[in-house]
Amino acid sequence: MTLELDHVGIGDEPGAPLPVVSAVAAAGRPGVIAVETEQAPVLASLVAGGRMRPDRGRVLLDGHDDPAGIRRAFALVDTPGVAEPFPVMTIEQVVREELAYAGRRPSRQHVETVLDELGLQHVRGTHVQRVPTDVRVRLLVELALLRDGVTGIVLTSPERHGGAVEDWFAVVRDVVRRDVTVVLVTSKAAAATVEHLLQTVATPGAAEASDTTQTEGPEDATRIDGTEPRLQADAGTAADETHAVPTEATK
């Protein structure tokens, strides 16, 4: 599955809410959108996820104009004001809220399964704002991927939570290696680091990146046993991309 943002933008220069950006994301190669200011990352995420139409440019799913298909296939992850957990929610509460919102009974067994499979039992009572960024990203991404039909992720500004880019980008690389299509919306500084990481090692069959706004070719993540904690599709859980905040921004 390929998602292409072809010179999309909102508003007029100078000072457009979303300056014109382009990116291509596909299984095996994340697309990177580098934008600044507080508003632009949210707008870029809404456009990439099919929740908002840009004033100019096109967003294509496998070469077709299909906003409904994009909305079905892509989950917004940690998008400020749209799809982010409340800072004082504990990890356990985030999991429970996700299960309830997805229409699954948030039983103790289901919550325990999620925490066990992601190796998060030791931080179950910790506020989500206090866990390392890579832990936060993995939790929210894995829960979103349990939703029926979701095979793509739009991850918004993980750098805003601090920590090393290399740490949270290792989560992105792991997910991409599982043939999940990932659009990463991030700052220009973080995108420059991501570009460097992508240039060092490439996944077989992935093309190399040409710039920070159309980044391709993730490397194999360094890990002890070759895998990272993940949720299984048959774990009996499911999740949506929000936590007690609106899930969609239309038009």
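Trainee: Which residue in β2 is the bridge partner of Ile 10?

Mentor: Welcome! The bridge partner of Ile 10 in β2 is Leu 18. Please keep in mind that this is a predicted model.

Trainee: What makes β1 and β2 a pair of strands?

Mentor: At least two bridges between two strands are needed for a pair. Strand β1, residues 2–10, and β2 have six bridges between them, so they count as paired by that rule. Their pairing is in the antiparallel sense.

Trainee: Which strands form the open antiparallel sheet, and in what order?

Mentor: The order is β2-β1-β4, which gives an open sheet of three strands with antiparallel pairing.

Trainee: Why do β2 and β4 stand at the edges?

Mentor: β2 (18–26) and β4 (56–61) each have a single partner strand, so one side of each is left without a neighbour in the sheet. From one strand to the next, the twist averages 10 degrees. Helix α1, residues 40–48, lies across β1, β2 and β4 and runs at about 135 degrees to β1.

Trainee: What is the peptide bond from Glu 13 to Pro 14, cis or trans?

Mentor: The bond is cis, with omega near -10 degrees. You will find Pro 14 in the loop between β1 and β2.

Trainee: How many strands has the sheet with parallel pairing, and in what order?

Mentor: That sheet is open too and has four strands, in the order β3-β7-β6-β5. Here β3 and β5 are the edge strands; each has a single partner, so one side of each is left without a neighbour in the sheet. The twist in this sheet averages 15 degrees from one strand to the next.

Trainee: What makes β3 and β7 a pair?

Mentor: Four bridges join β3 to β7, and the two run parallel. Since at least two bridges are required, β3 and β7 qualify as a pair. To find this pairing in the structure, look for Ala 34, which stands opposite Thr 186 in β7. Packed on the sheet is α6, which touches β6 and β7 and whose direction makes about 160 degrees with that of β7.

Trainee: And in which sense do β5 and β6 pair?

Mentor: β5 and β6 pair in the parallel sense, over four bridges. Leu 76 stands opposite Val 154 in β6.

Trainee: Why are both faces of strand β5 called covered?

Mentor: Strand β5 spans residues 74–77. In a regular strand the side chains alternate between the two faces of the sheet. Phe 74 and Leu 76 are on one side, Ala 75 and Val 77 are on the other, and all of these are buried. Buried stands for a relative accessible area under 20%. With buried residues on each side, β5 is covered on both faces.

Trainee: Why is Thr 37 called exposed?

Mentor: Its relative accessible area is 59%, and the cut-off for exposed is over 50%, so Thr 37 belongs in that class. Thr 37 lies in the loop between β3 (31–34) and α1. Its phi is near 75 degrees, a positive value in a residue other than glycine.

Trainee: What makes Asp 179 exposed?

Mentor: Apply the cut-off again: Asp 179 has a relative accessible area of 56%, which passes the limit of over 50%. Asp 179 sits in the loop between α6 and β7 (181–186). Phi of Asp 179 is near 65 degrees, also a positive value in a residue other than glycine.

Trainee: Which residues line the largest cavity?

Mentor: The lining consists of Val 137, Val 141, Ile 153, Leu 155, Val 171, Val 172, Val 175 and Val 182. The elements giving two or more residues to this lining are α5 (133–145), β6 (152–156) and α6 (165–176). The largest share, three residues, comes from α6.

How values were computed: Residues numbered from 1 in each chain as written. Predicted model: local features only at pLDDT ≥ 70, side-chain atom pairs only at ≥ 80, totals over all residues. Heavy atoms only, no water. Axes fitted to C-alpha atoms, helices over the stretch in contact; angles between N-to-C directions. Contact = heavy atoms within 4.5 Å. 1 Å grid on protein atoms, 1.4 Å probe; cavity = no way out; pocket = protein on both sides within 12 Å on 5 of 7 lines; lining within 4 Å. Buried < 20%, exposed > 50% of the residue type's maximum accessible area, 1.4 Å probe, protein only.
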